[in-house]
Structure formats: C-alpha cells, structure tokens
There are 4 protein chains.
Amino acid sequence: MLPWKFIAEWISRGEVCMREAKRILVHSRTRYQEFIIAELEGLGKSLIIDGKVQSSLLDEHWYHEALVHPVLLAHPCPRRVLVVGGGEGATIREVLRHNCVEHVDMVDIDEELVEQSKRLLVEWHQGAFDDPRVNVVIDDGRRFIEGKRAEYDVIILDVVDPTEGGPAALLYTVEFYRLVKRALRENGIMVTQATSPVLTPEVYASITKTLSAVFSIVRPYVTYVRSYNGLWGFVAASDRVDPARLTPDRVDNLLRERVRGELRFYDGSTHGWLFSLPKPLRDMLQRTGRIATDSEPIAVPV
Amino acid sequence: MLPWKFIAEWISRGEVCMREAKRILVHSRTRYQEFIIAELEGLGKSLIIDGKVQSSLLDEHWYHEALVHPVLLAHPCPRRVLVVGGGEGATIREVLRHNCVEHVDMVDIDEELVEQSKRLLVEWHQGAFDDPRVNVVIDDGRRFIEGKRAEYDVIILDVVDPTEGGPAALLYTVEFYRLVKRALRENGIMVTQATSPVLTPEVYASITKTLSAVFSIVRPYVTYVRSYNGLWGFVAASDRVDPARLTPDRVDNLLRERVRGELRFYDGSTHGWLFSLPKPLRDMLQRTGRIATDSEPIAVPV
Amino acid sequence: MLPWKFIAEWISRGEVCMREAKRILVHSRTRYQEFIIAELEGLGKSLIIDGKVQSSLLDEHWYHEALVHPVLLAHPCPRRVLVVGGGEGATIREVLRHNCVEHVDMVDIDEELVEQSKRLLVEWHQGAFDDPRVNVVIDDGRRFIEGKRAEYDVIILDVVDPTEGGPAALLYTVEFYRLVKRALRENGIMVTQATSPVLTPEVYASITKTLSAVFSIVRPYVTYVRSYNGLWGFVAASDRVDPARLTPDRVDNLLRERVRGELRFYDGSTHGWLFSLPKPLRDMLQRTGRIATDSEPIAVPV
Amino acid sequence: MLPWKFIAEWISRGEVCMREAKRILVHSRTRYQEFIIAELEGLGKSLIIDGKVQSSLLDEHWYHEALVHPVLLAHPCPRRVLVVGGGEGATIREVLRHNCVEHVDMVDIDEELVEQSKRLLVEWHQGAFDDPRVNVVIDDGRRFIEGKRAEYDVIILDVVDPTEGGPAALLYTVEFYRLVKRALRENGIMVTQATSPVLTPEVYASITKTLSAVFSIVRPYVTYVRSYNGLWGFVAASDRVDPARLTPDRVDNLLRERVRGELRFYDGSTHGWLFSLPKPLRDMLQRTGRIATDSEPIAVPV
C-alpha cells in the first residue's frame, strides 16, 4: 500500500516536501499555535508546529548541539543561563551537561506544548525538566526578559521563525536585542537560531545586521539540518567573548574539562566546520540584510 | 498558511487525490485495518480505512440511502434484516426507518472500529446502536452467515472492497453468495456495495456476473459519491423480487407508507436515476467480468 | 520508479488531484490561457487549460455526446448550428453527425489552441475541421454573436468555466443569454456547459436561474465525467422545444433516422439518466442560485 | 491560481519534494534515460534525469566548482583531463579555467542529452563545447577508459548515481577504479561525485571504502546543494597528491596563479569547509560501507 497520511512542508507556493506520518501521536491547536507530534518517514518521531518541522529524532542533535555548545564554551564559566523557547527540552538538556551551570531559566509561551513535550518527547528532554537547576516559566519571552538586569551569563533564543503577527515576530528586533544585552552579565554572550541562510537569506542577514547594531562581536554560523530541508543558521553575539576564536583543539579540551556525557554532533572539527561559511553565504551576508525594528520587523513567508 | 496535513487517496500509482485533514480525531491500527477519523476539506468529518474514505458527512446519504432503500422497498415487508459490515451505524440507521423491520443483526469484524464509531460518528448512527431491534455481533461476516438457514428477508453487504488477502476478499465469491442465498427466506433479497464501475469495471462486472450464477434476478445500479471519487456501484439480487420494477410513483407511495423520517437522497425520481445506467456502463457489463470463486477471488488494486 | 511528472488539479486550496503526465506533447502560454497537451495516467491523452482538464480520450464522449445530441434531437430539424468554444473539434464532430445540419459556425477565441488541436487532437476532431459545412472563426464569442439575428437553430456554448476576469466571465450572464436568444430562429434551442453541480452548486443553479429569466423552457441535466472529478452539469433552454419531453424510445428512433455513425455514450436510456436528477441536486436547484449579470457575473473559484 | 505542473523528487516511498515546473522546455526519452529541461520554482532552469534534479541554475556552481577545483589545484600542473559524464558542459567549463590544461576529453553516453544541453543549457557550458582544447566523445565511459594507459593528470567522474541496472552501475566498482588508476599519469588524481552522505550514507561510505582499496590517499569531502535536497558528497583519490593538505591561503594563491575568471563558490575558506566534515559524517564513514565490485555493485534506491 502506498503511504496515505502526509505532513506537507511548503518552502513556497510552488515547492513542497511531503513526508508520510506513520503514527500520529497528538494533534492540537493551542492559543498560540497548531502542533502535531508524529512519526515521520525519514525523520522518525517529530514535532511539527504550524506546518514546520521543529525537530526530529533523526537529527535534533545537529541543531541543539550547534545551538548550545559554541556559546557556552566561549564563556569562561557560564553559571546562569536563560533559554527562551525550546519547549522540547533538548536545549536545556545540552545546557545542563556543562559543569559550570548552576541555574537555568526556561521561558516558553505555550504551556500545552511544554506539557505534551514532557509526556511524548522523552527522547528529547531525557528528564532535563526534573533537574533541580531548571526553572520553567510559562510566559512571553520578551515580557520575561524586560525585567532582567545583568542576570545571565548566556542567553539562548530557541524560538520559532519570525512571521508576520506570529508569536516570535518581536524576538528578532533591535529593541529586543537591547533587552537581551541588558539582561547579560559581564562576559555575557547570546545566541539565536536564525532561519535558513539559503531559503530566507535576507532574514538571516538581517538578524546578523540587527545584532551588529547592539553587540561588537557578532558571529553568524551555519549547520545542516535535514529535517529543516537544508543548511540552518545561527548568530552568536557578545561584547567580550568570541566563539569564532576557539580552535578545534581548544574546543576538544574544553569539552573534556567542562562537559559531561558523549556528544553526537559537536566536537573541535565540527566547530571549525560550523564557523567556516562557504563563499556564497559570506557574499550574501555582505550584500543584503537590514536592521529589524519593532515597527519594521522581519518575517519569513508562510 | 497553506494546508499541511493531508490524507492521500491513491487511484493508482500515478493518480492521487489529497485532502487536507483539518482535525484528526483518532488514528488507530487494529488487528484488521488502520483507520483515521478526521475532518477533511471538502468532505467534512470522515472515516478513512486503509487509505480509502469510507464515508463522509458530506454525502454518506448518497451511499447509505442508495444501499438500503431499494431492496427493502422491493420486499413485500422485510421483518428480519442482516447487515454485514457497516461499522459506522448509518446502514442500520436507514434500515430502522422501515416500519416492517422487527430485528436487525449487524456483524462487524472490528470491535475497536465499532466502538470508535459509536463514540465519534454520532452523526452517522444517530443512536441506532441503542435501538432495541438491533443486535450487534463482533465476528467475521462469513463465519456468522455460514450457520444461518432461511433467517433473513434482506441481507445487506456493506463491507470494504475486496483486496488481495484483505478482510473482505472472500465476501464477493460465488461460494459466499450461496451462503447468503441459503440464509435468505422466501422473497428474500440481498444487496452488496460493488466498487466503482468506472475505476474498477472488471470488479464491478465480476460481482454482477458472480451473483448471476446464484440468483435469477440480478440488478446492478449506480449512484454517485463525491467522497469515493466518482460513480459508485451496487448489485441487488434475488430469486423473487425485483427493485428495478418499482416505478417512481410506487417508490414514493411506499416511502410514505413504510418509511419514517425525511430522506435526503432517495425518492421515486432518484430510484429511476439509480437504475438507469448510461450506455458505456451497460456495454461494459456485457463485455467484461468473470465469476469470482474462493480459489480465484477478485480484488481491487491497492 | 515512482511517477515524477504531475498535473495537479485543485478542487480547493485543501483538495487536489494529481495525475502523472507520462508524455508532454506541448506546453504553451497564449494571449488568453496556458495549456498543456499530455498523456495523463488514468485519462490518456488530455488537454489541460489553466490547470483544469478540458477533455481526455478516456471519456470526452461522456461530455461531448451529452452536450450535443439532446438539443439537436429536440429540434425538429436543425440546419444551422453555432458552436462557441469547443476548440478540440469534438463538439462539431458530434454536430456533423446530424443529417439535417447544413452549416456550422464555430467561434473560438484562441487561434493557437485551435491550431494545436488540429495537429495533436486528431482523435477528437476526426477531420471535422475539414468538413465543408464547417466555418471556423477566430473571435470573441460574445462579439461574434452580437451581430446575429435569427440565424441559428441551435447554439452550443462549449466554453471554459466562468472565472473572475477570465475569458468566459461574460458568457454566462443574462445580457449574453439575451443575445443568444436574438440569434436563434423559431424553434431554436441553446445549451451550455454549466460547471459541476456538486463542487460549484451555486454557479450551476445560477446559470439555470439566469436562463430562466430569458427562456420559458429551461432544463438542467447532469452527466458524469471522470476527467472532471465527478458529476457535470448542462442547461438546455428554449421557448419552444423541450428535450426533457423526449422518451427513451423516441430518442432511439430519432438517432436511427437523423444521426450517422455509432454513438458510444448517448442513447434513449442514457437520455433518461441525463434528465432524471437525484433529489439532492433537485433540492439544491430550488434553494440556491441568483441571476448573473454583466455587472455581477458568477465565477468558480480558481 | 495555485501551481499545477509539478516535478516530484522521491527521497523514498514516503518522502517526496514537489516543485512547480513553470516552463517545460523539452521532455524526451532517450535510449539511456528520460529527461526534462524545465524552469523549476526555487531552482530556476534545471535538468532533471529520471526524476532526479541533475543541476539547476540556482546552485550548479556549489556542485561543479566543488567537483573540479580541489583536485585540479592539488595537482602540480594538470595538462590532460578526462571528464566522464558531465553532459551539461559545466564541468568542462570549470576545468578550462585552469591555465595548465591543454586537453580535455569528455565522454558521455547520451548523444541526445549532450545535444539538447548545447542548445538549451547555454548558461551551464557557456561555450565550453567550442573550446579547441575539448574533445567530446559519445561512448560508454567504462569502455572508453579501458583502453587508456597513463594518459591523464586528472579524471573527473561526473555521472548519475549508481542504480540497479542503471547506466552508471559499473562506474563505482573496484574493477572500474583500477581502470581509472591505470589511465592516470604520475601525480594523477581522480574525483567522483559520491551521492548524499545523509540520504544514502552506506553508498557514500562504500565509494570511499572501495577507492581506499585502490588508492593510498582517499579524501571524502562534502558540499551542500539545495537542488539535491541537502549535503552532497565527493571523494578524491590519488597515490601522490592530497587536496586535504591545501591550506586556505595556499588555495587562494593557487587560484590567483592558475585559474582564470571569477569563481562564485570556491575559495580558500570554502575549501576548508568542504574538507572538514561534521562528526556524524566522520563517524558514519568509520562505521559503515563495503567494497563494491562488478558482481556486487552498490546502488541507491529509486
């Protein structure tokens, strides 16, 4: 029998990838978004929010390890970490591997999504929600961060792509990044997921440019996530520490000293790969992008 | 946002219809089949079994009223009725409208499907399962019918299409129809759903031809079901009564006398339409088809 | 290898049928429309205009014979016939079978489509374009008909569905039908294809209602065309002759007397089937529809 | 209007990417393969062979520059080059940029594909077929190479993926690579496209392992090609020269000295990125793969 239940991911109106949903574990519409947890052909168990695969068992580590470790290793010894988004619990899972970490605040807007993740995405969080160092707050990330002054060593923005009127539209603007900076302590560093440098290059370049208006050290870097249909971008930003300076050997040494458990994706060589962009992406970052503001935010098409 | 959850129905390897699943109520794999109950674009709430829409709120009455009423009206006064399949409960719903009916046995093989239908397909059964005249048996239809001798006035075969090795493969053979005949009383009549006369004409013609080897009066007739992607066939068979002889006026009179409630699809004119096949279908029934046997059954491709 | 070239036909944004294009004979964009002639899975060689299958070898006769013969047989002896649209040449092919016919004007707006049809759709026209009784005019159908007074016994409107701003938008309005009436002779009768009574019932009912504002005898009738994904509607209209009055026997006699060659779809019984609508369609025609005007035309969604 | 002409690329039976074909320039079945040249949504003009995008205007340079330049720069001064496959003419285009190159043999099996490429893929070859250094031979690559002894400095295998019984099935075996080695001169180096390290890791690892049975220096490296749905692999092999030893600075210097024109993808930093594989790919290459032979070749699923 040919497959008959599909999840479609639209790249544009004329380009779509369809994957068989072998088992549908939950389908829900919350106040903020519509999500499905299903076992997808090729990807395995996956979380899909508003038609976009958010992460899959196949390669969530290509994403989460790339998101977390470069900035945590760039910091001399991160004690307090804030994660905005990251409902699956895999981001805090990676953060908690670092010996230095004493406290993690995780702020997610969607309580139902967090609850279903705790229940159905055990392979992601692996019990991280129960770690005594973790404090989960159900709140809007921007509102939460507004009250903070010099509280965190590292801030990780693990939220959905910016879309017009979407829940993350104002988590990619210059005003928001100023709030993030204010919430960082000395030697503080932040990182944000930054959309696809190939499918939405203007958005990726704009996030880089917007951060450059706030921080003096801004490092775009790129991984590959099959579940996201290609290369995937991040930007790290700080006024003091620079992950691009870490050599492969230094990364491997730091991993031994400060990080517990076996990583599946990230090591010194991978670090080098992440931070060496191919020429077309470097050229694109030069050529395009604009500063995003609360009144003129950026958005990916939906 | 473009639709992103789809149910695909394959007509062949090169022809597929995809419909958005707006709400997925249940996805289950039972011992016998895989089914989903979902709200589909265009069709509304629908039951899909093994990739085929079985019925939808949009037009289940084009199917169920066409299946039930011609044979019940052709009989002088049907008291005992057997329904094989019909898990949704809509077939017994229509049977119970007939004043003559005193007892209905309904035999379905899949207990979980029947239970989920009771819970989620209330618009179909409308409480019919609770009618004191109804006796639901969870069993294989063929095994159930084997023990019966002259027990029913009408037997209605409302089962899935025959597929190689599928649960209904042996419910379309000459051996099975002989069991059906033996289970019918004097003046008895049976009807079976009979696949698409356009997409699987050989199967439709074979069912007709196979019944002609057992019964002396065999009447193929055809309705339209959008949810089934086109025209849909039935065959009625008897040794004594003939639904094709009912005139539109006679049908309208019988409906007034013997049937409770308002029908949405069936009336005298509709009866005329059901039994007057267009020439290509008449020609096809002449030209093709073979007698299906237990050792060489017929099957639709999957 | 799985099929990899597809023609998609969208029923709505959430419902789409995809068919493999096994051989692509021509793809062209003209001033008026975009069309492909290709061999499609299930349908055989097909003409697709702006994403809608216009006709296929599989069942163009279910459409063209139903369009042409009822109105030509209803007329005492049609000598002069006008066909608007019908670029494939199959409509004039059927018209030319009638002994009475002395002259056919065929008006189509798209010269390139007509030329490609002559070249690639030989199975459709079967040489009809070369019949000395046929006069092909490349022109807008409405402009052509405006100058005509009492010239035709039968007018056949075989044009694409009305769409907002599309080439046929003003060929379904009360003003246009008045022009048609003026162009008909005594005993004249017209017929129009009328979209799907199931997928776009309001449009079908509106065409019926609009014709009722102009003609005293208006007969909606319905065939099935697998290539059009279901039931398909026509409306015949006249002030004097009535195809619904033709009995099956009368149709069979007239076919013998006045029509050359073997028909594949249409005969007396088929005629009865065409004109006996199932109850839901009769009810729908009662309930819905409005008079379409040049300033407020009707349109199917695209 | 929603897109209605699609090219589908199946990753597996349950995973498919569909792209709108905006303009279809040619569809042909040759003795060896079926191909379409069309303008695809997202990718621009593209060549699709047997349902797989072979290259697109969007990013053919991510593929062709990665294929050609590392091995040509690793060689002290390549004078004679053999290209097997590469019908689009973009591979020879890149080869001809190198000042050292005096002669290029290009062997492709499919004359019609080469002719249509010359006519319709001008942006790919950019006149390279007319360069006096180029000699195009229509022949089976393996038969051609069998007669060669120490003739080439560089051999580039730019052929379709190995498939069961496909035209390239025997261009990835240990026997074939021995023929390649015999055809190389001292300091000679070869490179082959090597399928996706993510979608078909066993095939990629097997190509690497098979080359290791023949050559002493074997370097798998990886680029990204959106048109190929992800990361894409190559393997370079030699007994004397090693592209992995080239530092970014050395690459930039060699490009200035030996290569004409502006490259769009490849430079020193890109070279570093190409040869630094992320950890999961390094681990996979350790873990899996086998030596492919003529009697037990490797194949990607179709």
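In strand β9(D), Asp158(D) is the bridge partner of Gly85(D). Strands β6 (residues 80-85) and β9 (residues 152-158) of chain D pair in the parallel sense over five bridges; two strands pair if DSSP finds at least two bridges between them. Strands (E, at least two residues) and helices (H or I, at least four) are DSSP runs numbered from the N terminus.

This is a predicted model, in which local features need pLDDT of at least 70 and side-chain atom pairs count only at pLDDT 80 or more, while totals for chains, interfaces and linings use all residues. Residues are numbered from 1 along each chain as its sequence is written, and chains are lettered from A and ligands numbered from 1 in the order in which they are written.

Chain D holds an open sheet of seven strands in the order β8-β7-β6-β9-β10-β12-β11, with mixed pairing. Its edge strands, β8 (134-138) and β11 (217-225) of chain D, each pair on one side only. Neighbouring strands of this sheet are turned by 15° against each other on average, direction ignored.

Axes are lines fitted to C-alpha atoms, for helices over the stretch in contact, and angles run from 0 to 180 degrees between N-to-C directions.
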